[in-house]
Amino acid sequence: MKHFKFKALRQEDQWLSPAYVGVDSDGIIKYLSLEPPFEPAAIEDVNGFVLPGFQNAHCHAFQFAMAGLAEIHPGHINDDFWSWREAMYQCALAISPDQLEGIASMLYAEMLVKGITHVAEFHYLHHDYKGYPYANRAEMGERLLTAAKNAGIKITLIPVFYQRGNFGQDPHTRQRRFISKTIDDYFHLLADSAKSVSHYEQASFGFGVHSLRAVNPKDIVKVVKDGPANIPFHLHAAEQLKEVDDCNDYLKQRPVEWLLENIPLNDRFHLVHCTHMNDAEVSALAKTGANVVLCPSTEGNLGDGIFRLTDFIRNRGNFSIGTDSNISLNPTEDLRWLDYAQRLTTHKRNTVDNGGHTLFATALFSGRKAVGSMPSTNFFELDKPFDAIVFRGDAPMLSRAKLEHTLPSIVYASDSSINLGTIVNGKWVVKNQIHYDLEMIHREFTKAVK
């Protein structure tokens with residue numbers, strides 16, 4: 001057994017202070033108390049505040065290669081999501097399997113530094129440069145799994161079905177690396193990916209379709225019906241106004257409206273963005289128990305719009321957070337900007353009841369569903385892995401505060417400079433903001449992007 005003593009550890013309804021945590025050789029929590037263990041034990045004393053590690057519920061790892069490189073905007077050009085997408089296609093067409101592994105390893109290491117311990121990889125960069133499947137159909141997915149192993153992060157690989165260029169349109173040649181022409185093609189890819197996932201004990205599996213615009217409607221229904229029954233299902237929905245208009249023209253319904261009427265949504269479904277919903281969609285989607293995955297940094301960067309968070313929470317809707325294009329990787333920044341966007345539009349400060357706690361707890365529990373973790377009722381539990389982010393106990397913004405203000409201070413008044421380290425399966429993978437294998441990972445990343 002390995003034992004820790006922390007300044008304080010947050011549970012769903014209270015702080016434990018001090019907090020003693022004991023983990024076995026697999027990193028599973030076997031002791032959790034305000035009191036030291038009865039049996040004599042060596043205890044690592046950590047001056048830090050502990051929260052559960054964050055789940056990144058939506059990530060496209062290859063896009064980390066272009067983060068910050070599409071931000072020069074000549075004034076005479078209309079630069080929006082659709083022009084950014086063309087730059088993304090060029091990036092996707094340039095990346096080899098080796099390069100993807102190097103890029104993703106660096107990305108995942110950086111996520112760990114920010115306190116993310118589990119990433120859901122929404123994966124559609126499937127094929128070779130010409131658009132043909134690799135001899136191993138899951139080649140690119142395997143490189144993402146290897147990258148996760150290199151970095152020491154948990155991963156849920158979500159190979160997604162990408163079939164069309166837009167509603168009713170053939171795919172563009174620049175989308176060729178994404179495309180599975182038929183459901184059978186996609187299910188073959190899915191089966192091979194499942195085999196790859198089984199070889200990494202810290203990996204789990206999900207599936208889904210890219211979006212309504214990227215798959216024939218009848219095929220979406222069939223994929224849901226015939227696909228795996230007990231793993232998370234992910235898809236993009238209603239991110240852009242043009243997407244909503246195109247969907248209305250083609251399907252005679254708005255995207256979320258169509259999903260509500262044609263797919264048996266429940267809490268294993270994770271709809272990414274849902275930026276543009278009307279009153280009826282907000283209410284009806286919340287009632288299904290389906291989760292929305294919000295990516296505030298990317299949604300802001302791409303000019304998507306502002307999700308109706310206050311209304312969705314009022315209807316008891318659940319949400320998680322993701323980094324999407326990986327333009328920013330800081331979960332606490334994303335949480336506060338979820339709230340700040342609501343404050344800017346309502347001109348009020350209490351747009352989310354008990355703001356910091358509600359934002360963190362909702363994103364945590366929905367995030368765990370998004371990555372397919374075991375159901376949980378508390379932040380930390382006996383017989384569950386000890387995955388945590390530790391914040392510096394001597395950080396000025398935290399050392400001055402009463403415990404009741406600590407979580408709000410972390411969400412609203414701090415940045416990643418107060419991160420002491422990250423623990424996965426009871427072991428430090430980041431300490432004093434340094435990843436345990438940073439030098440090698442950084443070297444391979446530099447080689448890949450050059």
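Biologist: Which residues touch the most other members in the largest nonpolar core?

Modeller: Keep in mind that this is a predicted model. The largest nonpolar core holds 140 residues. Helix α2 (residues 97–113) gives the largest share of this core, ten residues. The members that touch the most others are Tyr108, Leu285 and Phe386.

Biologist: And the second, separate core, how many residues are in it?

Modeller: Among its members are Ala57, Val272, Cys295 and Ala370. The count for that second core is five residues.

Biologist: Back to α2, then. Are α2 and α15 parallel or oblique to each other?

Modeller: Their axes come within 8 Å, with α15 covering residues 438–449. They cross at roughly 135°, and the crossing is left-handed. An angle over 145 would count as roughly antiparallel and 65 to 115 as roughly perpendicular, so α2 and α15 are oblique.

Biologist: What classes of residue make up the contact of α2 with α15?

Modeller: On the α2 side you'll find Gln99, Ile103 and Met106, among others, meeting α15 residues including Leu438, Glu444 and Phe445. By class, that contact has eight nonpolar, four polar and one charged residues.

Biologist: Is Asp324 buried or exposed?

Modeller: Asp324 sits in the loop between β14 (318–321) and α11 (331–346). Leaving out residues up to four places away in sequence, Asp324 touches His58, Cys59, His60, His273, Cys295 and Thr298. Its relative accessibility is 5%, and the cut-off is under 20%, so Asp324 counts as buried.

Biologist: How far apart in space are Asp324 and Phe64?

Modeller: In sequence, Asp324 and Phe64 are 260 residues apart. C-alpha to C-alpha, the distance between Asp324 and Phe64 is 9.3 Å.

Conventions: Residues numbered from 1 in each chain as written. Predicted model: local features only at pLDDT ≥ 70, side-chain atom pairs only at ≥ 80, totals over all residues. Heavy atoms only, no water. Helix = DSSP H or I, 4+ residues; strand = E, 2+ residues; numbered from the N terminus. Buried < 20%, exposed > 50% of the residue type's maximum accessible area, 1.4 Å probe, protein only. Contact = heavy atoms within 4.5 Å. Core = buried A, V, L, I, M, F, W, Y, C linked by side-chain atoms within 4.5 Å. Axes fitted to C-alpha atoms, helices over the stretch in contact; angles between N-to-C directions. Parallel < 35°, antiparallel > 145°, perpendicular 65-115°, else oblique. Left-handed = near helix turned anticlockwise from the far one by under 90°. Nonpolar A, V, L, I, M, F, W, Y, C, P; charged D, E, K, R; others polar.
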